[in-house]
Amino acid sequence: MQPLRRNLRFQVFWVGSAASELGSTLSGLAFPLLVLAMTGSPTQAGLVGAVAMGTEILVGLPAGALVDRWDRRRILLGADLVRIVTMAGVGGALLTGALTMPHLLAVAVVNGVASALFRPAHGASLRALVPREQLPTAYAQEQTRQHAAGLAGPALGGALFALGRAVPFLVDAVTYLVSFVCVAFARVPRRPETPPAPAQSMRADIAEAVRWMWDQPLLRAVCGLVLGCNLVVNAMTIPIIVLVGDPVDVGVVMAALGLGGLAGAALSARLMRLLPTGRLMLAGSWLFALVLPLLVLPLGAYWTAGVLFVAMLVVPALNIALEVEIARSVPDHMQGRVHGALNVMFSGLTPLAPLLGGLLSQHAGAAPAILVLCVGLVACTVTASFSRSLRAKGGLPVRETPVS
């Protein structure tokens, strides 16, 4: 078996994903900056991102079903093509002075649908490009991509926006073009190995995947734990920004998240060898619960950055372990539906996080808000610790169909 670094199809696919991830991250910062510049309203600045996220969650389940029915390669190419057009359209409208809020909201909806299709198609396609034995290494490389983009994207987005309001959106369009070309050259498999029964309705397809997931005790327990933890941890963003205060210091703190993720990706293989998936999830949740209350100590921005760096060290291992379990155990004809359902289940409460964090910060103060959220995190972790599935030594049952 050739080393993963010589798997040209996967590496080309990864380059395209890295380019689009970087573009999405830099435009993710540029959108609220643009709306603030246009309207001066923080509420409207958050509206575009909320609409995109809400759209992706709402269409997540049917999108996953369509990924298992349609040509996956065309889905990836079509999603990239749509996002090339929308980002170039925003840039062009800015250059001509014709951009409006309805235009931005329409872009948010269209891109939300495109992302809802792209994510499960990407997950299903990656599994088909890599042998089973190399899946942990491949997903570690994916985590490196995500955290590197999270580190570089915001700074690059701010710098490009300073050069011109249209620049980050035009650059984002170029990154999606790179992704389009890489997907084409990677020769992503078009269809599942075993297509679903053609007589089934989309509702039946979704129900089949949900039943399969419900029959996996480990997956049920992980979904409950991640759903609660995602809400609580994401709600801490606004209290942390309020607590730190200075914009330069906030940048340092946010950079620590990316650095911690990169370091964690390098440590992920060792952590995954130490603990099975369920126990690793519990260990990571307990680390958050014990470390994040230290954020309230009045020791300056670098202390806050250090706490977040430590907390992020375990995140890549958690993500990789779960991705490997899904890739190895889910039948190929259900990969899209399961990925889509997991995206919805993990992120279903996340749109409420900024509201929760903002309300707590406004009425209780930043430090008390963090402590209240940490209590919620402890409650989630204690509840999950009673799960036999998470404490068990094994993982999901491995499917019999061989990995291509």
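**Notebook: salt bridges, a helix pair and a surface patch**

I looked up Arg119 and found its side chain in a salt bridge with that of Glu56, at 2.5 Å from N to O. The two residues are 63 apart and join distant parts of the chain, with Arg119 in helix α5 (residues 101-129) and Glu56 in helix α2 (residues 42-58). I noted Arg119 as partly exposed, at a relative accessible area of 45%. The model I am reading is a predicted one.

I then turned to the other salt bridges; the structure holds seven. One of them pairs Asp68 with Arg72 at 2.9 Å, N to O. I checked the cover on both: Asp68 has 2% relative accessibility and is buried, and Arg72, at 2%, is buried too. Asp68 and Arg72 also belong to a salt-bridge network with Glu208 and Arg337.

I looked next at Asp71, which meets Arg74 in a salt bridge of 3.9 Å, N to O. Asp71 is buried, with a relative accessible area of 10%, whereas Arg74 is exposed at 60%.

For helix packing I took α1 (residues 8-39) and α6 (residues 135-163). Their axes lie 7 Å apart at an angle of about 35°, and the crossing is right-handed. I sorted the residues of this contact into 16 nonpolar, nine polar and three charged.

Last, I looked for nonpolar surface. Trp286, Leu290, Val378, Val382 and Phe386 make a nonpolar patch of about 480 Å². Helices α12 (277-291) and α17 (366-385) each give two or more residues to this patch. Trp286 sits in α12 and is partly exposed, with a relative accessible area of 32%; the cut-off for patch residues is over 30%.

Notes. Residues are numbered from 1 along each chain as its sequence is written. This is a predicted model: local features need pLDDT of at least 70, side-chain atom pairs count only at pLDDT 80 or more; totals for chains, interfaces and linings use all residues. Side-chain values use heavy atoms; hydrogens and water are left out. Axes are lines fitted to C-alpha atoms, for helices over the stretch in contact, and angles run from 0 to 180 degrees between N-to-C directions. Helices (H or I, at least four residues) and strands (E, at least two) are DSSP runs, numbered from the N terminus. A crossing is left-handed if the near helix is turned anticlockwise from the far one by less than a right angle, and right-handed if clockwise. Ala, Val, Leu, Ile, Met, Phe, Trp, Tyr, Cys and Pro count as nonpolar, Asp, Glu, Lys and Arg as charged, and the others, Gly among them, as polar. Patches are made of residues with over 30% relative accessible area and no salt bridge: like charges are joined within 9 Å, nonpolar side chains (Val, Leu, Ile, Met, Phe, Trp, Tyr) within 5 Å. Accessible areas come from the Shrake-Rupley method with a 1.4 Å probe; for residues, only the protein chains shown count as cover. A salt bridge is a side-chain nitrogen of Lys or Arg within 4 Å of a carboxyl oxygen of Asp or Glu. Buried means under 20% relative accessible area, exposed over 50%, partly exposed in between (1.4 Å probe, protein chains only).
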